[in-house]
Amino acid sequence: MSNLNGVLLIDKPKEFTSFDVIAVVRRLTGQKKLGHTGTLDPNATGVLPVLLGTATKTQDLILNHDKSYTAEFQLGKTTDTLDIWGTVTGECESSVTEEQLRRVIPEFTGEIEQIPPMYSAVQKNGQRLYDLARQGIEVERERRKVTVYSLSLANFDEKTQTGTLEISCSKGTYVRTIIDDIGKVLGVGAVMTALCRTSACGFSLDECITLDELKSICENGNVEEKLRSVESLFMSLGYLAVSPAQAKRFANGGALSADRTYLAKSGYENGQLFRMKTHDGDFLGIGIADKPNNLIKIYFQNCRR
């Protein structure tokens, strides 16, 4: 199979780590350069954009880190991992009503502060918190600000004290911490029992394929049909069409004069990013405006011509 450059949208299965998915995609596609845009816990499922070829260079440049989740929960229980797969640390009878739950939820929308769970990949003094947690060590963690754009109760069964939340949030938000904090406010405790990422980096779950589907696609030799372009990672940006001479200069690593582009008429901000494209629609990379010097410099270069 020839070198592939772009994004494969995988619906990560349960009990697979994100790196397990990368390993399967590498084996099926025969590609060496792979990456992903955000780790999912082994017990979580859903959207995992896998980067191939030149797309791996965008890993630290992707602008849209917002994500959406569907999360199931159980009231009346707490664990050391804040989810159902951890060691139980407390249980109680819970008789929370749906009305009580709906009154609490607005407290966890907007900009909120979270303490990262001990079982997380956050680093403290060069060590992963989950490594310390497995040694029975608990350390103080700093509160972090995150943004929950929307949080709604999809359903709640008062008899079983179980329900489902729909969450849209910023990068770094721990859904199980939200559920744990809701349980604390209600005074009964709560754990997450299932998690599905329904969107990430602007891609939705219905755009994803399973690993089994990828295997079939690769066997039929038409994986390119499911490959999203590198440009698809930056669709929130406006684009700047350049002449053949400018495209050649950009591809060779040179900055462009802003006066010789459409920006001379439209205006722009210092540090503004643009998708750089030829008049034929070929994606060259991302340019960044250096307004004091009236230049468009290279922020990301898709490939050399």
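A: Lys 277 counts as buried because its relative accessibility is 15%; buried means under 20% relative accessible area, exposed over 50%, and partly exposed in between, with a 1.4 Å probe and protein chains only. A note on the basis: this is a predicted model, where local features need pLDDT of at least 70 and side-chain atom pairs count only at pLDDT 80 or more, while totals for chains, interfaces and linings use all residues. Residues are numbered from 1 along each chain as its sequence is written, and side-chain values use heavy atoms, leaving out hydrogens and water.

Lys 277 sits in strand β16, residues 273–278. Strands (E, at least two residues) and helices (H or I, at least four) are DSSP runs numbered from the N terminus. The side chain of Lys 277 makes a polar contact with the side chain of Glu 231, at 3.1 Å. Such a contact is a pair of N or O atoms within 3.5 Å; within protein, one must be able to donate a hydrogen and the other to accept it, and residues adjacent in sequence count only if both atoms are side-chain atoms. Leaving out residues up to four places away in sequence, Lys 277 touches Glu 231, Tyr 239, Leu 240, Ala 241, Val 242, Asp 282, Phe 283 and Leu 284, where contact means heavy atoms within 4.5 Å.

Now for the wider picture. The chain holds 7 helices and 18 strands, and 48% of its 305 residues are buried. Of the contacts between residues at least 6 apart in sequence, 66% join residues at least 24 apart.

The largest nonpolar core has 28 residues, and Phe 73, Leu 151, Leu 165, Ile 167, Val 175 and Ile 179 have the most contacts inside it. Strand β10 gives the most to this core, with 5 residues. A nonpolar core is a set of buried Ala, Val, Leu, Ile, Met, Phe, Trp, Tyr and Cys residues joined through side-chain atoms within 4.5 Å. Beyond its neighbours within four places in sequence, Ile 167 is in contact with residues including Ser 68, Val 148, Leu 151 and Val 175.

Ser 68 also brings in Ser 199 of strand β12: the two side chains make a polar contact at 3.0 Å.
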